[in-house]
Amino acid sequence: MARRTTIEVDDALVREAARILGTTGLKDTVNSALKSVIRAQHRRRLAERLRTGEGVDFGAETATAARTWRSG
């Protein structure tokens with residue numbers, strides 16, 4: 001679902017974000033930036049789960065390696 005809206009944005013920030021993201025146009029840049037924020041949060045959550053072992057079944061063969069990796 002998409003919606004139309006009017007917002008005030010900082011042109012310099014949009015230009016810099018577009019350069020970093022390799023996008024053109026405000027809509028493409030904003031959508032790409034939002035996706036990037038969401039992906040970054042998913043990566044942080046996964047890294048935390050791997051760090052703590054919470055919700056991760058390493059199995060018997062990798063249990064020792066997992067403990068070593070998390071304590072490193």
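Reader: How many salt bridges does the structure hold?

Author: This is a predicted model, so every value here is computed. A salt bridge pairs a side-chain nitrogen of Lys or Arg with a carboxyl oxygen of Asp or Glu within 4 Å. The structure holds two salt bridges.

Reader: Which residue forms a salt bridge with R19?

Author: The partner of R19 is E16, and their closest N and O atoms are 2.8 Å apart. Both residues belong to helix α1, which covers residues 11-21. They sit three residues apart, or about one turn of the helix.

Reader: Which side chains meet in the salt bridge with an N to O distance of 2.6 Å?

Author: Those are the side chains of R51 and E48. Both residues lie in helix α2, three residues apart, again about one turn of the helix. R51 is partly exposed because its relative accessible area is 47%. E48, at 37% relative accessibility, is partly exposed as well.

Reader: How many helices and strands does the protein chain have?

Author: The chain has three helices and zero strands. Read along the sequence, the pattern is α-α-α.

Reader: What share of the residues in the chain is buried?

Author: The same cut-off of under 20% applies. Buried residues are 11% of the 72 residues in the chain. The surface can also be given as an area: the chain exposes about 6500 Å², and carbon and sulfur atoms supply 55% of that.

Reader: Which residues make the nonpolar surface patch?

Author: The patch is made by I7, V9, L26, V30 and L34, and its area is about 410 Å². Take V30 as an example: this residue is found in helix α2, which spans residues 26-52. V30 has a relative accessible area of 30%, so V30 is partly exposed.

Reader: How much space lies in the largest pocket?

Author: The general idea is to roll a probe the size of a water molecule over the atoms, which shows where empty space is left. In this model the largest pocket holds about 490 Å³ of space.

Reader: Which residues line the largest pocket?

Author: The lining includes M1, A2, R3, R4 and T5, along with I7. L26, K27, V30, N31 and L34 also line the pocket. Sorted by class, the lining has six nonpolar, two polar and three charged residues. I7, L26, V30 and L34 are among the lining residues, and these four also belong to the nonpolar patch.

Reader: What distance separates the C-alpha atoms of D11 and L26?

Author: D11 and L26 are 15 residues apart along the chain, and their C-alpha atoms are separated by 9.4 Å. D11 is found in helix α1. At 52% relative accessibility, D11 counts as exposed.

Notes:
Residues are numbered from 1 along each chain as its sequence is written. This is a predicted model: local features need pLDDT of at least 70, side-chain atom pairs count only at pLDDT 80 or more; totals for chains, interfaces and linings use all residues. Side-chain values use heavy atoms; hydrogens and water are left out. Patches are made of residues with over 30% relative accessible area and no salt bridge: like charges are joined within 9 Å, nonpolar side chains (Val, Leu, Ile, Met, Phe, Trp, Tyr) within 5 Å. Accessible areas come from the Shrake-Rupley method with a 1.4 Å probe; for residues, only the protein chains shown count as cover. Helices (H or I, at least four residues) and strands (E, at least two) are DSSP runs, numbered from the N terminus. Buried means under 20% relative accessible area, exposed over 50%, partly exposed in between (1.4 Å probe, protein chains only). On a 1 Å grid over the protein atoms alone, a cavity is a set of points where a 1.4 Å probe fits but cannot get out, and a pocket is an open set with protein on both sides within 12 Å along at least five of seven lines; lining residues have an atom within 4 Å of a point. Grid points are joined across faces, edges and corners, and a volume is the space filled by probe spheres set on the points. Ala, Val, Leu, Ile, Met, Phe, Trp, Tyr, Cys and Pro count as nonpolar, Asp, Glu, Lys and Arg as charged, and the others, Gly among them, as polar.
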